[in-house]
Amino acid sequence: MAILIVEDEEHLATGLQFNLEAEGYKTEVAAAGETALEKISSGGEYELLLLDVMLPGIDGFEVAKAIRKAGNFVPILMLTALGRPEDVIQGFEAGADDYLPKPFDLNVLLARVRGLIRRSDWSREIGSSRRRQPLNLNGRIIDLANLRLTNGENVLELTQMEARLLGYFLDNSGRAISRKEMLQGVWGLVADTDTRAIDNFIVRLRKYLEDEPNDPRLLKTVRGVGYRLDLPAE
C-alpha cells in the first residue's frame, strides 16, 4: 500500500514524494482530482491520501466527498492555502480526517502522516478509558477505538472527525456544548465568530444514533447555546 499524493503543482508533489519516500513510505502521484478517483475506483488501495484542495477540474472537497460516498474510509489529509476556520470545517464536512494549511513545516506534515496511518492506536490518542470500550447507546454499539458503529446487522465506518465529535459529546454528556466549544475542543480551532457549518456533523450523528433523527431523543438542540447529548439511564 502507498500514500497517494493528489497535487497539481509538480514541484510540490515531487518534494512531498521525495520526503515521504525518504521516511520509508511508498508513494504515487495524481495531478488532478479525476485521476485520483480513477486510481481509487480501479482498485488502488492506499493507506493515506494527501489531498490538495485547489485542483484543476474537480476540487479536493469534491474528491473527498466522492471517496466517502463510495464507502471508502481511507485517511485523508487535506493540504491547502485555504486556512480560515470555515474552510477547515468544509474540509472536515467533505470527509477529511485532518487539515494542514499551506505553507506547512515538513516535520509537522510527517507527524500528521504518522498519526493518521496509526489508526489502530487512535484510541490511545483520544485518551478516555470510557471511549476505549465499546458502548451500547440506544441499541447501537459504538466502538470509537476502531471507528465503527454497529446497528443490528448494519456496520457503519466512522471518520475520525465523526468519532472525535461523538467522543467529545460522550465525555460531556448532560451538558450543553456550544459550537465554538466544539470548534476548540474537537478541531483545535479558535473562531472569532460562530459557524453553522458544524450543524452538518450533528445531522450525521443524529442519523447514526437516533430512531427518529428529526425528533431526536439523545442529541438535542439547546436553543441559544448549542447541543447536548442525554444518555439514557442505565
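Visitor: What is the accessible surface of the protein, and what share of it belongs to carbon and sulfur atoms?

Guide: In this predicted model, the accessible surface of the protein comes to about 11,500 Å², and 47% of that surface belongs to carbon and sulfur atoms. The protein has 234 residues, of which 45% count as buried, and its chain forms ten helices and twelve strands.

Visitor: Why is D87 called buried?

Guide: The word applies to a residue with under 20% relative accessible area, and D87 has 7% relative accessibility, so D87 counts as buried. D87 is found in helix α4, and, leaving out residues up to four places away in sequence, D87 touches F61, L82 and Y99.

Visitor: Which other residues of α4 are buried, and what covers them?

Guide: Besides D87, the buried residues of α4 are V88, I89, G91, F92 and A94. The cover over the buried residues of this helix includes the helices α3, α8, α9 (179-186) and α10, together with the strands β4 and β5. After α4 comes G95, whose phi is positive, near 120°.

Visitor: How do you know that the buried residues of α10 lie on the same side of that helix?

Guide: In helix α10 (residues 199-209), the buried residues are D199, F201, I202, L205, R206, Y208 and L209. They cover an arc of only 165° around the axis, and therefore they are placed on the same side of α10.

Visitor: Why is D59 called partly exposed?

Guide: That term covers what lies between the two cut-offs, under 20% for buried and over 50% for exposed; D59 has a relative accessibility of 27%, so D59 counts as partly exposed. D59 lies in the loop between β3 (46-52) and α3 (60-69).

Visitor: Why is A176 called partly exposed, and which residues is A176 in contact with?

Guide: A176 has a relative accessible area of 27%, a value between the cut-offs of 20% and 50%, so A176 is partly exposed. A176 lies in the loop between α8 (160-171) and β10. Leaving aside its neighbours within four places in sequence, A176 is in contact with V222, V225, Y227 and R228. Its C-alpha atom is separated by 9.6 Å from that of D230, which is 54 residues away along the chain.

Visitor: What makes β10 and β12 a pair?

Guide: Pairing requires at least two bridges between two strands, and two bridges join β10 (residues 177-178) to β12 (residues 226-229), so this antiparallel couple meets the requirement. In it, S178 stands opposite G226. Strand β11 (residues 219-222) also pairs with β12 in the antiparallel sense, over four bridges, and there V222 stands opposite G226. The hairpin of β11 and β12 has three residues between the strands, and in this hairpin G224 takes a positive phi near 80°.

Visitor: What makes β2 and β5 the edge strands of the open sheet?

Guide: The open sheet has five strands in the order β2-β1-β3-β4-β5, with parallel pairing. In that sheet, β2 (27-30) and β5 (98-101) each pair on one side only. The twist from one strand to the next averages 20°.

How values were computed
Residues numbered from 1 in each chain as written. Predicted model: local features only at pLDDT ≥ 70, side-chain atom pairs only at ≥ 80, totals over all residues. Heavy atoms only, no water. Buried < 20%, exposed > 50% of the residue type's maximum accessible area, 1.4 Å probe, protein only. Contact = heavy atoms within 4.5 Å. Axes fitted to C-alpha atoms, helices over the stretch in contact; angles between N-to-C directions. Arc of directions from axis to C-beta. Areas by Shrake-Rupley, 256 points an atom, 1.4 Å probe, with all protein chains shown as cover.
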